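Here is a friendly briefing to read alongside the structure. Have a look at the chains first, then work through the topics below.

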Amino acid sequence: MLRILLINDTAKKVGRLKAALTEAGFEVIDESGLTIDLPGRVETVRPDVILIDTESPSRDVMEQVVLVSRDQPRPIVMFTDEHDPGVMRQAIKSGVSAYIVEGIHAQRLQPILDVAMARFESDQALRAQLHARDQQLAERKRIELAKGLLMKMKTCNEEEAYTLMRRQAMSRQQKLIQVAEQIIAMSELLG
Amino acid sequence: MIEPHTGPLAWVNGSDAPEKTEINLGFMALSDCASVVVAATQGFAQPYGLTLNLKRQSSWASLRDNLVSGQIDAAHSLYGLIYAVHLGIGGVAATDMAVLMGLNQNGQSINLSHGLQALGVTRPEALQQHVHQSRSKLTFAQTFPTGTHAMWLYYWLASQGIHPLQDVDSVVVPPQQMVAHLQAGRIDGFCVGEPWAASAVKQNMGFTLSTTQALWPDHPEKVLGCTKAFVEQYPNTARALVMAILEASRFIEQSAENRRSTAQLLSAPEYLNAPVECIEPRLLGDYHDGLGNHWQDPHALRFHGDGAVNLPYLSDGMWFMTQFRRWGLLREDPDYLGIARQVQQLALYRDAASAVGVTAGTTDMRSSQLIDGKVWDGTDPAAYARSFALHAMSANTPLLARR
């Protein structure tokens, strides 16, 4: 059964989502107001899905969502009365997997959750890929920087510099990037 | 799909951009995985927008399973393993496979135990006599039922008049466990890649009776293998991967110093986890057989040879099928040439080679003479398979080595 962390800020409608969830057969493992530390709650409760029921998501809410998405990503479904497309875009950008305006019906919850989970998984795969690309690009820049420094230090050409760096890395059972970092650090020290 | 690169890497967005940028690359702990490890750790793939994640495998069988299931995208593979999977031999459903490039030639060894040495079995003729006179069967280990080591062992034994499936027993043992099995007396000899044969000699547990380059100078050995589906889905990634590994292969062979640093790198715990003293000498062609003989081998393990090593010749792929047929692993002649054309990715290889300035000739076959004097040049494979005095073609059941 899915572990659901439910966040409510609509005092006047308290319980509308919880009732719908219970009716649909879900287990709500925690229910909190919006003033909580969301990343902290996620850490403790370890939910499968986070549901946020809010009249209108504030900037504070968005920030909390961003933190969760960055550090302990989960599918996040937001139920709200806010129609403003700008707010909706902001919410999606912050890491919300599904943004549902009004109309919580027990029978619609399952498909909404299914879509949110699928969307979340594909986002995660994409995010991992982008992260790998960024890192790869960063490594490449660092290696080029070190190569340039070495060419100056040893007055050698590009290919010779690469060969020297690679031999050094291999003899020490390291990766090229590690030797590049050592060269950069040494150069900063002697700078 | 979000395309993140603009600016300095804008060219990556062109039609040559790898469709998949992170590759899980399988390998076995063997000296001949060097070009794969060097490519992944020494910055050869980054310029092509690829990140290579090395995944060491514990046995050839698990490497095969992970390759077929997609756990790993491409792998340092035995030639025969790729063909066996493609043909559906050996207890797995047939999956279309691809050979992207040759990774190396030569450098495997057939070793015998100290026990046999003590009995005076130190030469091929003595082994032949022993096998035919002794009442108990000797047990030889290789690394995979259809792998290169099985085929070298069978071919070599047969060339000495020993039927590999009748006169001796065969077992499969993962390469890195060979020495332990020899030490425990469970096997009398083995055929394996380095550093495990040199390691046995170094630990005074027997000797090298023959190298595989003595059996076939510049024989095909490991390839970069993947599923056909992978090449079809990610052709740019596959080509970039070949380019990176070609450049790493060229780098390893650029100087003796580069080869020595390669040996150092390989000895690390995450790669071979073996002393550099067991890796470096034979990687540099410096052979001690454990019987007091010492020589500089002209056909030692090589990774590039100006590209001669890396072209996936059709005749190399076909040779393994002829041996599967010879030993009854195939009950009928396959369409040797047709299958080799499907598996060997010659066009993709030639694209990659020309992009990094490596010569790739226009011929798809090569000619070799093996230890028994027979010439293999890819013509009439069915007749070649049928031309051996010792074989198992009429066997009713395929004689797979016991697992």
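This is a predicted model: local features need pLDDT of at least 70, side-chain atom pairs count only at pLDDT 80 or more; totals for chains, interfaces and linings use all residues.

Residues are numbered from 1 along each chain as its sequence is written, while chains are lettered from A and ligands numbered from 1 in the order in which they are written.

**Layout of chain A**

- Residues 123-184 of chain A are 89% helix and 0% strand, and the end C-alpha atoms of this span lie 35 Å apart; helices (H or I, at least four residues) and strands (E, at least two) are DSSP runs, numbered from the N terminus.
- Chain A is assigned domain 1 (3-104) and domain 2 (134-190), with bounds that come from an automatic or database domain assignment.
- Taken over C-alpha atoms, the centres of domain 1 and domain 2 of chain A are 47 Å apart.

**Where the chains meet**

- Contacts pair 18 residues of chain A with 18 residues of chain B; two residues are in contact if their C-beta atoms, placed from the backbone, lie within 7 Å.
- On the side of chain A that touches chain B, the elements giving two or more residues are α5 and α6 of chain A.
- The largest share of that side, ten residues, comes from α5(A).
- By residue type, the side of chain A that touches chain B has eight nonpolar, four polar and six charged residues; Ala, Val, Leu, Ile, Met, Phe, Trp, Tyr, Cys and Pro count as nonpolar, Asp, Glu, Lys and Arg as charged, and the others, Gly among them, as polar.

**Backbone details**

- Arg46(A), in the loop between α2 (38-45) and β3 (49-54) of chain A, has a positive phi of about 45 degrees although it is not a glycine.
- Arg46(A) counts as exposed because 12 other C-beta atoms lie within 10 Å; the cut-offs are 20 or more for buried, 12 or fewer for exposed, and in between for partly exposed, with C-beta atoms placed from the backbone.
- Thr155(A), also not a glycine, has a positive phi of about 40 degrees and sits in the loop between α5 (106-154) and α6 (158-171) of chain A.
- Thr155(A) is exposed, with 8 C-beta neighbours inside 10 Å.
- In chain B, a cis peptide bond with omega of about 10 degrees joins Glu194(B) and Pro195(B), and Pro195(B) lies in the loop between β8 (189-193) and α8 (196-202).

**Nonpolar cores**

- The largest nonpolar core has 137 residues, of which Leu100(B), Val242(B) and Ala244(B) touch the most other members; such a core is a set of buried Ala, Val, Leu, Ile, Met, Phe, Trp, Tyr and Cys residues joined through C-beta atoms within 7 Å.
- Helix α11 (residues 235-252) of chain B gives the most to this core, with eleven residues.
- Leaving out residues up to four places away in sequence, Ala244(B) touches Ala39(B), Phe44(B), Ala45(B), Tyr48(B) and Leu50(B).
- Another core, of 27 residues, lies apart from the largest one and includes Ile4(A), Ile7(A), Val42(A) and Ala98(A).

**A buried loop residue**

- Val121(B), in the loop between α4 (114-118) and α5 (124-133) of chain B, is buried, with 23 C-beta neighbours inside 10 Å.
- Val121(B) and Val99(B) are 22 residues apart along the chain, and their C-alpha atoms are separated by 39 Å.
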